[in-house]
Each structure stands twice: as C-alpha cells, then as structure tokens.
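My entries are in the order in which I looked.

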Amino acid sequence: MSEISTKPYMLRAIYEWCTDSGYTPYLAVKVDSRTTVPMEYVKKGEIVLNISFGATSGLKMDNDAIRFHARFGGVSREIYVPVDNVMAIYANENGQGMAFEPVLGNDDPDASPTNSPASADAPPPPPAPVASVPTLSSVPTSSPEQRDASTPGDDEPPKKGGRPTLTRIK
C-alpha cells in the first residue's frame, strides 16, 4: 500500500489559516500539459493564482487536484491544477505560507516506468529519492540598514500597488 501524500492536507490547512486570519491565499503553480490555466497569464512556466473566496467560484481542493472558476479580464475561466504542480501556498499580505519541492518529470502522466524484466548483467536501479517534509516558516523582516547592505543592483524600492509576486529563495 502506497503512503498518502501530506501535501493536499497542508494546502487545505494553509488555505483555512489564511481565510480564518483575514488574509488572501495565493497559489504559485508550475504550468505543464496537465494544468488548465489561462496561458496568457503564464510567465516562465509559472502562474500565481488568488484562491480567496471572493476571487473563485466552486473551489474544490481534492487530494489529487485543485479545481475552481475564476475571472480573468472579466471572463470566467475553469482552472485545474494538479496538487503535484503546486509550488507554494501563501498569504499575500505577509508572505507566510509553505513552499514545496518541485516534482520533476510529471509533464506526461502516462510516462511511467515499464515493467520489463531486468537483465542479469544490468546494475540495480538507484534507490528512489526520499521526499523532504515541507515545513511552515515565515521570512524574517529586515531593518532599513540590512536592506541597504543587500546585493548590488537591488537598490530599487519595492513597487506599490502592482501584482503580487512570490520570490523563491534557495
């Protein structure tokens, strides 16, 4: 029996925490052939979606996918995001939430290993990588002095009133 992933449960928990706290939950999504989103809003193979109650209709967060309707440019669109494609869920107002390790090689759901018998001369396959357990953490705030000492070329003040973005720090 395969182990059930904790990821969809964590997504629902952070969503509930955001809404209970009065924050706006956002999803950062890796877009591939299994994802149904408006492609004109996809940048670098990723999209950020507002999944608040006011921005969605019929939101359903299952163990395999997140489905809802949302308006883009005044037009209602159906959205389908496999849970594997969710990179992060966070509160727009303070950035607190959870990021997930990207799942590689999921572009083709039919691309599964074949069950052919192994050759006696072939070495055994390497062990499967162990998935890391996601943790919830907040980004520490920095003082103006710390921001001045940041990387060169980072002198621009943050843009106000624009579209929120998720910055991944590795």
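The entries below go from the overall build to single residues.

**Entry 1. Ground rules.** I am working with a predicted model, in which local features need pLDDT of at least 70 and side-chain atom pairs count only at pLDDT 80 or more, while totals for chains, interfaces and linings use all residues. Residues are numbered from 1 along each chain as its sequence is written, and side-chain values use heavy atoms, with hydrogens and water left out.

**Entry 2. Overall build.** I looked up the secondary structure and found two helices and seven strands. Helices (H or I, at least four residues) and strands (E, at least two) are DSSP runs, numbered from the N terminus. Along the sequence the pattern reads α-β-β-β-β-β-β-β-α. The chain has 170 residues, of which 26% count as buried. Buried means under 20% relative accessible area, exposed over 50%, and partly exposed in between, with a 1.4 Å probe and protein chains only. I also looked up contacts, meaning heavy atoms within 4.5 Å. Of the contacts with a separation of 6 or more, 58% come from residues 24 or more positions apart.

**Entry 3. The four-stranded sheet.** I traced an open sheet with the order β2-β1-β6-β7 and antiparallel pairing. Two strands pair if DSSP finds at least two bridges between them. β2 (46-50) and β7 (97-99) are the edge strands, each pairing on one side only. Axes here are lines fitted to C-alpha atoms, for helices over the stretch in contact, and angles run from 0 to 180 degrees between N-to-C directions. Three bridges hold the antiparallel pair of β6 (residues 86-91) and β7. I noted that A88 has A99 in β7 as its bridge partner. Helix α1 (residues 7-20) packs on this sheet and touches β1 (25-30), β6 and β7. The direction of α1 makes about 20° with that of β6.

**Entry 4. Helix α1.** I checked the span of α1: its 14 residues reach 20 Å from first C-alpha to last, close to the 20 Å expected at 1.5 Å a residue. The expected span is 1.5 Å times one less than the number of residues. Which residues of α1 are buried? They are K7, P8, L11, I14, Y15 and C18. Seen down the axis of α1, these buried residues fall within an arc of 130°, so they line one face of the helix. The arc is that of the directions from the helix axis to the C-beta atoms. An α-helix has 3.6 residues a turn, so residues three or four places apart point the same way. The buried residues of α1 pack against β1, β3 (56-61), β4, β6 and β7. Just after α1, G22 has a positive phi of about 80°.

**Entry 5. Two hairpins.** β3 and β4 make a hairpin with three residues between them. These strands run antiparallel and are joined by four bridges. T56 has A70 as its bridge partner in β4, and M61 has I66. I then followed β4 into β5, a hairpin with two residues between the strands. G73, in that turn, has a positive phi of about 60°. Eight bridges join antiparallel β4 and β5, and A65 is bridged to P82 in β5.

**Entry 6. The core.** I looked up the largest nonpolar core and counted 25 residues. Such a core is a set of buried Ala, Val, Leu, Ile, Met, Phe, Trp, Tyr and Cys residues joined through side-chain atoms within 4.5 Å. L11, L27, V37, L49, I79 and I89 have the most contacts inside this core. At least two core residues come from each of α1, β1, β2, β4 (65-72), β5 (75-82) and β6. Leaving out residues up to four places away in sequence, V37 touches V31, V42, I47, L49, I79 and V81.

**Entry 7. Single residues.** Is K44 buried or exposed? K44 counts as exposed, at 82% relative accessibility. K44 lies in the loop between β1 and β2, and its phi is near 55°, positive in a residue other than glycine. Y90 is in strand β6 and counts as buried at 5% relative accessibility. Y90 and Y23 are 67 residues apart in sequence, with 9.1 Å between their C-alpha atoms. M87 is also in β6 and is buried, with a relative accessible area of 9%. M87 and A28 are 59 residues apart along the chain, and their C-alpha atoms are separated by 5.4 Å.
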